[in-house]
Amino acid sequence: MTSDLKPCPFCGGAAEMDTRQAYANYVTGRHQTGIAIYCVACGVQAMICRGDVPDVEPEQVMEIWNARAALPSTTSSGEAMERRGHYAEIIGDVVGGLVLASVVLLMLGFALGGG
Ligand SMILES: [Zn+2]
């Protein structure tokens, strides 16, 4: 059954299902179980709690997991690195902009203070 699971959408790792995943109910604090599918590599998971859906079936969780896995894949590490580089570029631009802004403010402060 787990062979029907698509690989992790975030890291490409293998997915496994746990039909007795334990969790503590947020409201009551009582321990309950749910059906979870998780990535064995990075730990990201999709889960339906029996507290919410008492008659949950594995197929329902599988559908949720596989729908997310259908998003554009980042399985190739080269592509992931490329994206990371792109984000670093954006962050660099933002930081650069902030530094420039603070320098301008500093100069403005000198101009106002000196005058
Ligand atoms: Zn993963």
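Reader: Which residue does isoleucine 37 stand opposite?

Author: In paired strands, look across to the neighbouring strand. This is a predicted model, and in it isoleucine 37 stands opposite alanine 46 in β3.

Reader: How many bridges join β2 to β3, and how do the two strands run?

Author: For a pair of strands, check the bridges and then the direction. Here β2 and β3 run antiparallel and are joined by five bridges.

Reader: In what order do the strands form the sheet?

Author: Read a sheet from one side to the other. This one is open, its three strands lie in the order β1-β2-β3, and the pairing is antiparallel. At the edges are β1 (15–24) and β3 (45–49), each of which pairs on one side only. On average, neighbouring strands are turned by 25° against each other, direction ignored.

Reader: What pattern does the chain follow along the sequence?

Author: List the elements from start to end. The pattern is β-β-β-α-α, with three strands and two helices in the chain.

Reader: Which residues form the largest nonpolar core?

Author: For a core, ask for its members and then for the elements they come from. The largest nonpolar core has eleven residues, among them Ile35, Ile37, Ala46 and Trp65. Two or more residues each come from β2 (31–39) and α1 (58–69); β2 gives the largest share, five residues.

Reader: What is isoleucine 35 in contact with, leaving aside its neighbours within four places in sequence?

Author: Its contacts beyond those neighbours include Met17, Thr19, Met47, Ile48 and Val61.

Definitions and conventions
Residues are numbered from 1 along each chain as its sequence is written. This is a predicted model: local features need pLDDT of at least 70, side-chain atom pairs count only at pLDDT 80 or more; totals for chains, interfaces and linings use all residues. A nonpolar core is a set of buried Ala, Val, Leu, Ile, Met, Phe, Trp, Tyr and Cys residues joined through C-beta atoms within 7 Å. A residue is buried if 20 or more other C-beta atoms lie within 10 Å of its own, exposed if 12 or fewer, and partly exposed in between; C-beta atoms are placed from the backbone. Helices (H or I, at least four residues) and strands (E, at least two) are DSSP runs, numbered from the N terminus. Two residues are in contact if their C-beta atoms, placed from the backbone, lie within 7 Å. Two strands pair if DSSP finds at least two bridges between them. Axes are lines fitted to C-alpha atoms, for helices over the stretch in contact, and angles run from 0 to 180 degrees between N-to-C directions.
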